[in-house]
Amino acid sequence: MGMKKEFISLLAVVAVFVAGGTILMTSKILPEEHAQDFRSLSEISLQSEIRVIKEPTSDDNTYIYAINDVARQSLDIAQADERVKNIINSIRGSAVTMAAVQPTAFVNPDGKVIHSSAGQVIITSNWQVIDGKLYSAPVTFDLLENKQGEAHQIIWNVFVDLDKRQVTDIFQEQERVIRETLHSNVVFGGMNMYMPDTVIADVGSKIRWSNESNLQHNVVGTYKTKSGSEVKVDSGFFDRNESWEYTFNEEGVFDYHCTIHSEEGMKGKVIVAS
Ligand SMILES: [Cu+2]
């Protein structure tokens, strides 16, 4: 758990910058400009402590987190909104990620937390289809060989006014789809998704992550083995047409994500079985 927190903190810092850019493009105002008493970075410290609100379970594949306690308020406001409730109802059964990525909160030297009123929650629905059927229960790589895989993703950006405690705008992005012919021991990365997202591999398998998109991605996570070790794995970033390999020599589970696209649910799992 300690290790996981470390990864999430890194992701939080990245998410702050990604989301900050989004707000900047949308409103042309940096969230920091709303904050009172904002002077310079030398006088304040950035507060980005991830709050995990819900972990995925076998019954409900929903992951909810906030980058800090202020951003967490955005989640409560968003989840009370009728339009957001309709979105959540419409994506039930898919892998849902709700990430409260704004506002950034700062702590000034006297300990006072300052932030803007502009909150943002990113809701992402991810689902995969293999040979025309919804892929929800993981199977072995052997069963996926030469089958047609599709990974789908829809993202909603929900903007929240923390002072008025209401949703101000919801922007739905165009659905993203990647299609690939699947191969044994290959995970495709593209359009902020991994495919297959969850898969069973034999002990001793060397698995290759292949980047098919124009963006950089990485594979970061913890390989928990049957013998009780927790191996921290970090591929580093790799570009389009590059790949990265890792050999799994023991039964266990490898949960991983891409640190820059985690708020869009770019995550995966390899179950290593004999
Ligand atoms: Cu990525």
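**Notes on the predicted model**

1. Thr168 is partly exposed, as 13 other C-beta atoms lie within 10 Å (buried means 20 or more such atoms, exposed 12 or fewer, and partly exposed in between, with C-beta atoms placed from the backbone). This is a predicted model, in which local features need pLDDT of at least 70 and side-chain atom pairs count only at pLDDT 80 or more, while totals for chains, interfaces and linings use all residues. Residues are numbered from 1 along each chain as its sequence is written.

2. Thr168 belongs to strand β10 (residues 166-172); strands are DSSP runs of E with at least two residues, helices runs of H or I with at least four, numbered from the N terminus. Beyond its neighbours within four places in sequence, Thr168 is in contact with Phe159, Val160 and Asp161 (C-beta atoms, placed from the backbone, within 7 Å).

3. The largest nonpolar core has 30 residues, of which Ala78, Ala100, Val121 and Val158 touch the most other members. Such a core is a set of buried Ala, Val, Leu, Ile, Met, Phe, Trp, Tyr and Cys residues joined through C-beta atoms within 7 Å. The most residues, six, come from β4.

4. Five strands form an open sheet with mixed pairing, in the order β14-β20-β19-β16-β17 (strands pair if DSSP finds at least two bridges between them). β14 (198-202) and β17 (230-234) are at the edges with a single partner strand each, so one side of each has no neighbour in the sheet.

5. Strand β16 (residues 220-225) pairs with β17 in the antiparallel sense over five bridges. Val220 is opposite Asp234 in β17.

Key
Two residues are in contact if their C-beta atoms, placed from the backbone, lie within 7 Å.
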